[in-house]
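Student: Please take one part of this model and look at it closely. I would like to follow how the chains meet, and what lies where they do.

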Amino acid sequence: MFLVTELVTLLATNLILTQALGTSTLFIAAGNKKNLLWTAITITVFTSVGSGAAYIVNALLPDGLADLTLLFYTLIIGAIYVLLLTALYFAGSDSFETTRKYVHVSAFNCAVMGTLFTITDRADAYPPLNTFINFVLSGAEAGTGFILAAFILTAAYRKLNSAKVPASFRGFPAMLVYLGLISMAVYALR
Amino acid sequence: MNKKKTAVFDGLLGDNTVLSSLMVISPVIMCGNTLENAIALIYAFSAITFFAVLLGSFVPRRLPYAAKIIINAVIASVVYIPVKSVAREFFPEVITNVGIYFPLLAVNSLIVVQSETRFYRMRRLSMTASLVFYILGFDAVMIVTAFIRELFAYGTIAGRLVDADTLISGLGLPFGGFIFLGLLCGLYRKLRSMSGRGGETGGDGNVSGN
Amino acid sequence: MQTKTKSDRFIWIDIMVTLLTLELMDYFYYGVRAAVLGSVCAAASVAAEMICLRLMHRKFTADDLTSVSDALILSLMLPAVFDLKIAALACVFAVVAAKNIFGGRLNMIFSPAAAAYVFLYTSWKNQLLMFPEPHVRTGVFEKATNLVSSASHSFNITGKMDVTDFEILLGNVSGPAGAVSILLLAVAAVVLLFRRSISAGAFIGSVSATVLLALIVPASVTRAASVKYTLVTNMVLFASVYIVADRRIAPKRDYYAFFYGFFLAAFSYILVITTAKENAIVLVSLLFTPVALGFKNLEKHIELTQLAEQEAAADAEAAELTADGEEAAADE
């Protein structure tokens, strides 16, 4: 029962199904199972670490300078981007060519940046959520939501790209409608 | 020459930012449900993208790819500050409605990805013209989407009530945005294939970020 | 191929016969308005299907009449007095957005009726969940008055039902007429199961999950009442027959179909008892589409692996025979 409730919560707060954040990144990732897994993992790293850093930025930034939030978030993501690329380079320079593309795709997109803003908004609306641990956990949850949405799309990938689908709708348009119908079911269950 | 001309205008119809490359779709899905939101987002998107890409074109090309991407994003975040201040004056309510989608425009694919893979490979004048058409492409889709969704979801046009007896409130919600954009995307591809511009399957197949 | 087409048509006829019986019951309780609703849905679906097929440069054949059964399934889930225009719109939505965009009946992903129901649920929830009392007749163009919430709604809230078992069996309770005629539905389920027109695995999985959970986590005062009422309310039986066990959507193998139906029904049961969400099974069936697709992908993968293994075994056997032949020739 707990699992079902958690799953419904995960779906109801899913960044892609309810906020359309990172939809295009998802479309790229769903094309290939390996890409999907690595992109989802990389995005989860970005959202988790980024959310932790966003908590620190929020705490240090004076209210009067709220317009600078985006700039600082961008710098955070930029720093994680560089650190991740460096770590991957030193971890295995042979596979670096392959692995770095996931970092490039995952760094600056709505899924990551949207997560930081969404978590901050939620914490502003409900102050008990304004803790470092909650920020990191929420970031990880957003990443997990991305993985879930990616699996939802992957399950239908073959059918959505089938030759039986009208040429005009084959691929991305069919994916959008498919996600829309799933999103509609999620909305109905909220 | 003709080909070059077409490439410059591509962003408006031939290779539309939203419908062909599926870039910047989240604001269209989430906030493209009223004309009021659409106009505020069009202003913000156009201003941020135009100035950020233009300023970013002065970044040395020799720098590593990741460094250039970060610098482009930082430039966009800086451009966002005055754009938001102006928006606060002209669209104070809409900023609240649009919420996080306003700052997210600063990390849109045109700035972060397409600038490097497309715009900065062009001469500055052609780049500026092409950029304008890519921005107009987004603006056009945003207006069309917002007009239709507002009319059928809320029975209003720019906030003014019109005589519509059956309203589909779901069309104003995110899932309505997904489905509507999917249908619009299919229609766009059909029209493009009928006009003899590329195949029906997949636009340029170049989905990038956001 | 021809056998498959033939069998698909027989399935459709079986389903249509049971649906028309339910429509007849609908007419008996709510009069001509219910019949008009069913007809409008069917007409809108056929018209939309014809236009879609024309746009896809395909011919409308007898097989495309499946849109009529989808339309009737939807109409039986609606209040008899539901707005005809909105019902027609939902049917068009089902045919266009949930079916033909993905390639139509050749490439089914969603149950069109479930998608249309959720579409209505998200935009016209109040109208969708208010029903006339049985035997209250409303004219075709008359506006319905004195609508009440369904018996499922009161059960979800109170855990009780104030009607006799006989009335429940006959469907003499407020709710969508097609979905509350339990006796007819039970007969339809048995007939369709025996004629293999619905997925037995998915149907049994769905019913067994509901029964099991109703016993373990009762939604009513007694376990017996819990099992009885959870099966007859919230369109559980109707959806288990016509949506969950839809052969076009459920996994092909009964083994996988069972788990698909089981998880789907378990998920919806938990939603009903935790959130009192009315008719959760229909909403969840749309959400579980990726699960069905996942199972189907797995089936395909297993089929391909088995085929490859068979081919490899046949190749090995052939190689062995050739080697034996060569050996025999050398011996000679």
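Tutor: Where chain A meets chain B, 42 residues of chain A are in contact with 45 residues of chain B; two residues are in contact if their C-beta atoms, placed from the backbone, lie within 7 Å. This is a predicted model, in which local features need pLDDT of at least 70 and side-chain atom pairs count only at pLDDT 80 or more, while totals for chains, interfaces and linings use all residues. Residues are numbered from 1 along each chain as its sequence is written, and chains are lettered from A and ligands numbered from 1 in the order in which they are written.

On the side of chain A that touches chain B, at least two residues each come from helices H2 (15–19), H3 (23–30), H5 (69–91), H6 (96–107), H7 (110–125) and H9 of chain A. Helices (H or I, at least four residues) and strands (E, at least two) are DSSP runs, numbered from the N terminus. H9(A) gives the most to this side, with nine residues. By class, the side has 25 nonpolar, 14 polar and three charged residues. Here Ala, Val, Leu, Ile, Met, Phe, Trp, Tyr, Cys and Pro count as nonpolar, Asp, Glu, Lys and Arg as charged, and the others, Gly among them, as polar.

Chain A itself has nine helices and zero strands. Of its 190 residues, 54% count as buried, that is, with 20 or more other C-beta atoms within 10 Å of their own, these atoms being placed from the backbone. Among contacts in chain A between residues at least 6 apart in sequence, 73% join residues at least 24 apart.

The largest nonpolar core has 240 residues, and those that touch the most other members are A:Ala185, C:Leu74, C:Cys91, C:Ala116, C:Val118, C:Val241 and C:Leu283. Such a core is a set of buried Ala, Val, Leu, Ile, Met, Phe, Trp, Tyr and Cys residues joined through C-beta atoms within 7 Å. Helix H9 (residues 172–189) of chain A gives the most to this core, with 15 residues. Because domain 1 (1–148) and domain 2 (196–325) of chain C both give residues to this core, it lies between them; the domain bounds come from an automatic or database domain assignment.

Leaving aside neighbours within four places in sequence, A:Ala185 is in contact with C:Val118, C:Leu283, C:Leu286 and C:Leu287. Across this meeting of chains, 27 residues of chain C are in contact with 24 residues of chain A. On the chain C side, helices H5 (112–123), H14 (254–275), H15 (280–287) and H16 (289–331) each supply at least two residues. The largest share, five residues, comes from H5(C). The chain C side that touches chain A has 20 nonpolar, six polar and one charged residues.

Of these helices, H15(C) is largely enclosed by the rest of the structure, because eight of its eight residues are buried. Among them are C:Leu283, C:Leu286 and C:Leu287.

Terms used
A residue is buried if 20 or more other C-beta atoms lie within 10 Å of its own, exposed if 12 or fewer, and partly exposed in between; C-beta atoms are placed from the backbone.
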